[in-house]
Amino acid sequence: MTSRTWTCLCGTFEGKVTDAPALAVWCHCEQCRQQTGAAMQLGIFPNFEVVKGEDSLIKYESTKGVFRNSCGKCGAFCFKVLGDGSKVAPLGALSGDPVKPTMHIFVADKGNQDIMFADLPQHDGFP
């Protein structure tokens with residue numbers, strides 16, 4: 001069982017995921033690009049835990065039922081919760097060996113950005 005942790009920039013928030021993600025993607029949706037300035041590496045993890053800082057999070061409902069959680073102190077993106085309750089962690093922030101995305105999602109929203117790793121499957125929404 002592999003566990004990985006991550007924190008926000010100031011360390012107020014800490015999260016932990018265990019085992020492999022159910023889905024690991026490059027997300028090209030407009031909201032991820034607005035938040036980060038680029039496509040975002042995200043993973044849906046069934047075994048997800050907020051270790052500390054839950055009470056310091058700013059929860060923003062970016063789409064009906066989808067909440068993006070950021071640190072109320074430093075503003076860093078911490079995770080998001082999908083409408084079905086699935087929790088999504090930023091893959092690039094996880095400790096340990098990298099978790100590599102296996103596909104691209106929301107490529108129809110990518111605008112003029114190039115797609116890195118174009119050999120991966122591409123979807124206009126969730127597969």
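This is a predicted model: local features need pLDDT of at least 70, side-chain atom pairs count only at pLDDT 80 or more; totals for chains, interfaces and linings use all residues.
Residues are numbered from 1 along each chain as its sequence is written, and side-chain values use heavy atoms, with hydrogens and water left out.

**The salt bridge**

- Glu54 has a partner: its side chain meets that of Lys59 in a salt bridge, at 3.3 Å from N to O (the term means a side-chain nitrogen of Lys or Arg within 4 Å of a carboxyl oxygen of Asp or Glu).
- Lys59 is partly exposed too, because its relative accessibility is 46%.
- A search of the whole structure turns up 1 salt bridge.
- As background, side chains of opposite charge can pair when their charged atoms come close.

- Look for an open sheet of 3 strands in the order 1-2-5, paired antiparallel (strands are DSSP runs of E with at least two residues, helices are runs of H or I with at least four, and both are numbered from the N terminus).
- Strand 1 and strand 5 are the edge strands, each pairing on one side only (two strands pair if DSSP finds at least two bridges between them).
- From one strand to the next, the twist averages 20° (axes are lines fitted to C-alpha atoms, for helices over the stretch in contact, and angles run from 0 to 180 degrees between N-to-C directions).
- Val17 is a handy landmark in strand 2: Arg4 stands opposite Val17, and the bridge partner of Val17 in strand 5 is Phe48.
- Glu14, for its part, stands opposite Lys52 in strand 5.

- Asp19 sits in the loop between strand 2 (14–18) and strand 3 (23–27).
- Its phi is near 75°, a positive value in a residue other than glycine.
- Asp19 is partly exposed, because its relative accessibility is 29%.

**The nonpolar cores**

- The largest nonpolar core has 17 residues, and Trp6, Phe13, Val17, Cys78, Phe79, Ala89 and Leu94 touch the most other members (such a core is a set of buried Ala, Val, Leu, Ile, Met, Phe, Trp, Tyr and Cys residues joined through side-chain atoms within 4.5 Å).
- Strand 8 (residues 77–81) gives this core its largest share, 3 residues.
- Another core, of 10 residues, lies apart from it, with Leu42, Ile44, Val66 and Phe77 among them.
- Not counting residues up to four places away in sequence, Trp6 touches a list of residues including Phe13, Val17, Phe48, Cys78 and Leu94 (contact means heavy atoms within 4.5 Å).

**Lys87, a meeting point**

- Lys87 lies in strand 9 (residues 87–90) and is partly exposed, because its relative accessibility is 30%.
- Lys87 and Ile44 are 43 residues apart in sequence, yet 5.7 Å apart in space, C-alpha to C-alpha.
- Leaving out residues up to four places away in sequence, Lys87 touches Gly43, Ile44, Phe45, Phe48, Phe79, Lys80 and Val81.

Conventions. Buried means under 20% relative accessible area, exposed over 50%, partly exposed in between (1.4 Å probe, protein chains only).
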